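Notebook open, viewer open. I'm jotting down what I look up as I go, one topic per entry.

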Amino acid sequence: MEASTPTQGQVPHRPSLSSEPTPPGSPNSSVGVGGSIVVASSLLLVSSLTLWQAWHQHQQTPLATTGNAVNTAKLLLPVLGVLASLSFLCYTSLFSSAQSQSSCDEPDTKITLGQKSTDSSFSPSTTTTSSQLPSSSISNAEMLFRSGGVGGNRIPPRQAPSAGQTIIVVGAGTAGAAAAVGLAERGFKVLLFERDMTLQDRIVGELLQPGGVRALERLGLDECAKEGIDSVGVEGYVVFRPHKLEVEGGEEEVVKNIMLNYPAYDPASMKELFGVIDPCVSPSSSSSSSSSSLFSIPPSTEEVHGAGKTLSPHSITKARKTAGAVATAATTVAQEHEPLRPKGRSFHNGRFVQRLRERALAEKNVTVIQGIVSRLVHEEDLTEGAKEGREKGKKQRVVGVEYKIETGRTLTNEEGVEVPEKETRRALAPLTIVADGLWSSLRTHVDKCAKPHQLSSFVGLIITHPFMSSPLPHAHCGHVVLAEPSPVLLYQISSTETRVLVDIHGKLPSASTGELASHLYTHILPQLPPCLQAPFAEAVARGNFKSMPNRAMPAAKLAKDGVILLGDALNMRHPLTGGGMTVALRDVEALCYLLEEPTADLTNPVAFRALKKRFATERKSWAATINVLANALHAVFSTPDGDLTRKDLRDACFDYLSIGGYCAGGPINLLSGLTPRPSILAMHFFLVAFHGVGKYVWPFPTLGGMVRMYDMLHVACQIIMPLLTVEGSTVLASWPVRTAIGVVFPYGK
C-alpha cells in the first residue's frame, strides 16, 4: 500500500524497524540485562582483586629487576580484565537504561505531537493535521512525555481545571514571558513582574537549538524567533581543530574541520535517537531522512580556505556511492519538506525576548507590572504567628510576592537629589513561578542550597559585515574552534553581525589595561581559521568587549508549596552548547500541559505536590541530557595547564565525530536537543573514551600504553560520573554501579 504524502506542518511517518530493541517490560529484556549486570559486576570484582594481588607482587619484584615477559603478562592481564569487565558493566547498564526509555514505534504508545483529537476542550480556532490517535481523551502532557518531544505541530491549549485563578510570574525573560503566554491561553490570570521592560543587550542566549524551536512551535510562539528580529537559521555545526603540520623548515599551523548537520527529521525510534538512520527508508514512506553516512561529509572538495583537510573528488564519489540511490532520493524528499527539517535559530537575545514580551502583552489575561520583587510572601506572613512558625522550621507555603513599584511621585534623598518614590506592595496568588534568570534573587528563598558555581567566562565580540556576507566558512552553521586552552564559539546572529565567544578559564584579563586584547591577539587569533583572523582582529581593535560568567547549577529542590522555579533560576549549565533556552522552553510547555490535567488543583496542597513531583520527574530526560552534555563537552574541549591526557581525550572526540554515521549522528542529535536520553549521551561519551584508548593498545599492548589508557579512562570518569551522579538520571548514577566505577577510577564528587 502506498503511504500518503504528509501535508504542510505534519511530521513525516517512519515505518517500524525490525531491528528495534526488545520493548521495555518483556521478560527477556529485564532478566537478560539484569543477569548481564550481575555477571559484569562479579567479573569486575574478581579482576580488581587479581589486579591488586598482581600489583602487590610487582611492587615486591619490580619489572626492571626481573625483566621477563611473564611478570609483564601477570600485570597486564588483570588490567585488561578490569577494563573489559568495567566496559561490559557500563554497556549493559546503559543499554538497560536506554531500553527502558526506548521510544518504540508501537501504535498503542507512539504519538506524534500535534495529532488531532476529538476532545471538545481543544480550541476550535486552530486546526492541525492528524494521524492515528490511541485515545481521544489523551492529554497534551501525555502526548508530550510519550513522544519525547517529537514534532513541531502547534498543540492547541486546553482549558485548565483551575482556569480563572491568578498565577504570579516573576521575570519576563525567555522562560517567564513564554510561561505567561501559555498560562493565559489556558485560562489563568497572569501577573507578570519585570524590573526592566526595555531592550537588553546580552552575549548569551543567542542560539536556540532545534529542540527549543520545536517547543516554541508547539506553544505557538515560533514567530517570535523567526519573524521581525532579523534572525538567522542554523542547520548544524562545524568543528575546527588546529594542529601542527610538519613542513619543510619547521611546523605550520593548519586547521581540520568536520561538518555536523542536524538530522533531516526528528529522531523517534531508538536507532534514530542513537544516530543510526535506517537506509531502507524510501521516499514512498514520506520520510525526510538522509543516509547516516551523510551526517558528516565535509562540505566541499577543497581545503577549507587553504588550511583544512583535503577531501579528494574520488573520496567524495565513494562516500556518495556508499549512501547509494536512497540517499539521493532522500535528499530530494528532504528538500520537498524543507519546512519540516529541524533547524535552530540565532538572533539578538534582547530582540527575541522583546517579541515574547509583546506576545504576552497581547494576551488579555496577562497584566505586566514593572517593579522589583523583593521577597516571597508565605502563608505564615499573613498571620500573627509568622515569626514563630519560621523559627520552628515549619514548612511554609508561598502565597505571593512582595514588590516595590514607583508611585509616579518624587522625593529628595539625603544628598538632596530627587529620586522616584517607591512603595512596597503585595500580590497574592495560589501559584508563584520564579523565572528571574541567572542572577535570581529569589532562588535561595525556595532552596537555600541552590548556589551556582562558575566554570569559566565568555568574552563576547561582534564581527560586522555586509548583508548576509559573514566571514564564517560555512553559512547557517555554528562554528566551534578547539583552541588552546579552551574553545571559541562563532555564529551569525543577524544579517550583518556575527558573534564570537571566547571561553576563558580562571581570572579574566583586564580590558582596561589592555591585557584582554593582548590575550586575544597573541593566544586566540593564531588558532582561528585564516578567513576569520582579519575580521577577528578588527573586532578586537574596536575594543567593544562584553563578558559573562559561565555558571552551572543542578536543579533546585522544589520543596515549598505554592512555588515553582523555571529557566536559569531552576538550573544552569555551561552555555557552550546553547541548550539553556531549550531546557527553559521544554520546562514551560511541560508545566503548561500538566496544569491542563484534571487533577491539577492549585488550592489543594496534595494535588500540587503531585504536580511538582511529576514535573521534576518528567523534565529529567531533556534537562539532564542537555546539562550533562554541556558541562561534559566543555570539559572535554578544554585543556587547562596543557594536560596531555585531556588533549588526547579532546582529539579522540574530534576523531570520533569524523568517523560519521552514528558517531556523528548521535552526538548532533543530542546537541540539537532532539534526543532527550541521558543514557544515549553516556553511551557516546564512553565510546569516545574507548575510541581514544585504542591507539595505546594497538597493535600490541605495552605497560606504558596501559598506563596511558588507564589515565584517559580515569579522566573520562572524572568528567562524566559526577555530572551523571548529580542528575541521577541513568543507571550509572545508582549506588552499586557508581561505587564499582569509583573503586577502579576514583572520581570524587
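Predicted model: local features only at pLDDT ≥ 70, side-chain atom pairs only at ≥ 80, totals over all residues.

**Entry 1: the overall count.** I started with the secondary structure and got 22 helices and 18 strands in the protein chain. Of the 749 residues in the protein chain, 55% are buried. I then looked up the accessible surface, which comes to about 32000 Å² for the protein chain, with 56% of that belonging to carbon and sulfur atoms. For contacts in the protein chain between residues at least 6 apart in sequence, I noted that 76% join residues at least 24 apart.

**Entry 2: the parallel sheet.** What is the strand order in the open sheet of 5 strands? I read it off as β8-β2-β1-β12-β18, with parallel pairing. The edges are β8 (366–370) and β18 (563–565); each has a single partner strand, so one side of each is left without a neighbour in the sheet. From one strand to the next the twist averages 20°.

Strand β2 (residues 189–194) runs parallel to β8, and 5 bridges join the two. Within that pair, Leu 191 stands opposite Thr 367 in β8. Then I checked what packs on the sheet: helix α16 (residues 605–618) does, touching β12 (431–434) and β18. The direction of α16 makes about 10° with that of β18.

**Entry 3: strand β16.** Next I went to β16 (residues 497–504) and asked how many of its residues are buried. I got 8 of the 8, so the strand is largely enclosed by the rest of the structure.

Which strands pair with β16? I logged β13 (residues 453–464), which runs antiparallel to β16 and is joined to it by 8 bridges. There Thr 464 stands opposite Glu 497 in β16. I also logged β15 (residues 488–494), which pairs with β16 in the antiparallel sense over 6 bridges. In that pairing Tyr 491 stands opposite Arg 499 in β16.

**Entry 4: helix α22.** I wanted to know which residues of α22 (residues 735–744) are buried. My list reads Val 737, Ala 740, Ile 741 and Val 744. They cover an arc of only 95° around the axis, which puts them on the same side of α22. On the face of α22 turned away from its buried side, I found the exposed residues Trp 735 and Val 743.

**Entry 5: cysteines.** I ran the disulfide search and the count came to 0. I looked at two cysteines anyway. Cys 592 is buried, at a relative accessible area of 1%. Cys 653 also counts as buried, with 8% relative accessibility, because the cut-off for buried is under 20%.

**Entry 6: Ser 672.** This residue lies in the loop between α19 (662–671) and α20 (678–697). Is Ser 672 buried or exposed? I read a relative accessible area of 0%, so it is buried. Leaving aside neighbours within four places in sequence, I found Ser 672 in contact with Gln 209, Pro 210, Gly 211 and Tyr 262. I also took a C-alpha to C-alpha distance: Ser 672 and Ile 626 are 9.1 Å apart in space and 46 residues apart in sequence.

Entry 7: The peptide bond from Glu 484 to Pro 485 is cis, with omega near 0°. Pro 485 is found in the loop between β14 (478–481) and β15.

I also flagged two positive phi values. Asp 230 is not a glycine, yet its phi is positive at about 60°. Asp 230 is found in the loop between α7 (223–226) and β4 (232–234), and it is partly exposed at 36% relative accessible area. Met 468 has a phi near 50°, again a positive value in a residue other than glycine. Met 468 lies in the loop between β13 and β14, and it is partly exposed, with a relative accessible area of 38%.

Conventions: Residues numbered from 1 in each chain as written. Heavy atoms only, no water. Pairing = 2+ DSSP bridges. Helix = DSSP H or I, 4+ residues; strand = E, 2+ residues; numbered from the N terminus. Axes fitted to C-alpha atoms, helices over the stretch in contact; angles between N-to-C directions. Contact = heavy atoms within 4.5 Å. Buried < 20%, exposed > 50% of the residue type's maximum accessible area, 1.4 Å probe, protein only. Arc of directions from axis to C-beta. Areas by Shrake-Rupley, 256 points an atom, 1.4 Å probe, with all protein chains shown as cover. Disulfide = S-S within 2.5 Å.
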